[in-house]
Amino acid sequence: AQYPPGAQYPPGAQYPPGAQYPPVAQYPPGAQYPPGAQYPPGVQYPPGAQYPGAQHLAGAQYPGAQYPPPAHPTVEIEYPTATSPPSAGSYPAATVVPTEETLIHLGNEMEEENATAIKEQNAPANPVEAPHPLSPGATVRLTSKAHGKNLRIKKEGGIDGRGGNGPWATFTVHSRGPNIALSLAAYPKRFLAIKENMLTEGTGGKFCTLIVKHDPDDGPGTVTLESAEYRTQYVGIRSNGDFKEPDQTRPGYNAKFYVN
């Protein structure tokens, strides 16, 4: 609207000299502005309000209340405590799958051992030993029935059944009363021995004395060798060529040797 020069705005509104324009309410000294904005002591101001520009972490604790309240209840998760790895001994042993050849050998061993046990049960109390081919002074090789190669004393020491036809598998037979001892023909101070449940070598003493047993059913050239010091312990070779512990060897498949 157009007002004539000198007119009051708004028209007709006269204000006393010194008055505020526009007029505002006067409040007694000390009063809060606006009136009625009084809050009881201890109340949060404003309750639960977000403050401009301020970052607040959920769950922060303020006097008397959480600010702001968490959206969901707090869930405590238990994590497993670290423990040391189990010792090597506690792991399960690896499974070894035997080959068909090994299974055949194991079957032969079990069959032979069972047959031997039955034969021993039915044997007379005082059997008469049949003649055997290990006569004193003879030079012989002993071929393992279980492995197919010759019994030997290895050059570096130890016994197995993987010998050929050389000096480490060729033995001389020595007399020990009714029994025998076997030394290498090329190295006469190295004897076959059974000691401390080991098939080993000795120098010709009591651990080297062997009882020769011959089963006529096996033919004229097959023998088993029992320790004279540790009765029921035999010279034995496993189907893989390793020696078999004497106290686990019966006079069966693993204990039989062809004399040649």
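This is a predicted model: local features need pLDDT of at least 70, side-chain atom pairs count only at pLDDT 80 or more; totals for chains, interfaces and linings use all residues.
Biologist: Thank you. Is Glu229 buried, partly exposed or exposed?

Modeller: Glu229 has a relative accessibility of 34%, so it counts as partly exposed.

Biologist: Where does Glu229 lie?

Modeller: Glu229 is found in the loop between β12 and β13.

Biologist: And which residues does Glu229 touch, leaving out those up to four places away in sequence?

Modeller: With those left out, Glu229 touches Lys206 and Phe207. Lys206 is 23 residues from Glu229 in sequence, yet their C-alpha atoms are 6.5 Å apart in space.

Biologist: Let us turn to Thr249. Is it buried or exposed?

Modeller: Thr249 counts as buried, because its relative accessibility is 2%. Thr249 lies in the loop between β12 (222–227) and β13 (257–259).

Biologist: What lies 2.9 Å from a polar atom of the Thr249 side chain?

Modeller: That is the backbone oxygen of Glu245. Not counting residues up to four places away in sequence, Thr249 also touches Thr232, Tyr234, Val235, Gly236, Lys244 and Ala255.

Biologist: Now the whole chain. How many helices and strands does it have?

Modeller: The protein chain has one helix and 13 strands. Starting at the N terminus, the order is β-β-α-β-β-β-β-β-β-β-β-β-β-β.

Biologist: What share of the residues is buried?

Modeller: Of the 260 residues in the protein chain, 28% are buried. The accessible surface of the chain is about 17,600 Å², and carbon and sulfur atoms account for 57% of that surface.

Notes
Residues are numbered from 1 along each chain as its sequence is written. Side-chain values use heavy atoms; hydrogens and water are left out. Helices (H or I, at least four residues) and strands (E, at least two) are DSSP runs, numbered from the N terminus. Buried means under 20% relative accessible area, exposed over 50%, partly exposed in between (1.4 Å probe, protein chains only). A polar contact is a pair of N or O atoms within 3.5 Å; within protein, one must be able to donate a hydrogen and the other to accept it, and residues adjacent in sequence count only if both atoms are side-chain atoms. Contact means heavy atoms within 4.5 Å. Accessible areas come from the Shrake-Rupley method with a 1.4 Å probe; for residues, only the protein chains shown count as cover.
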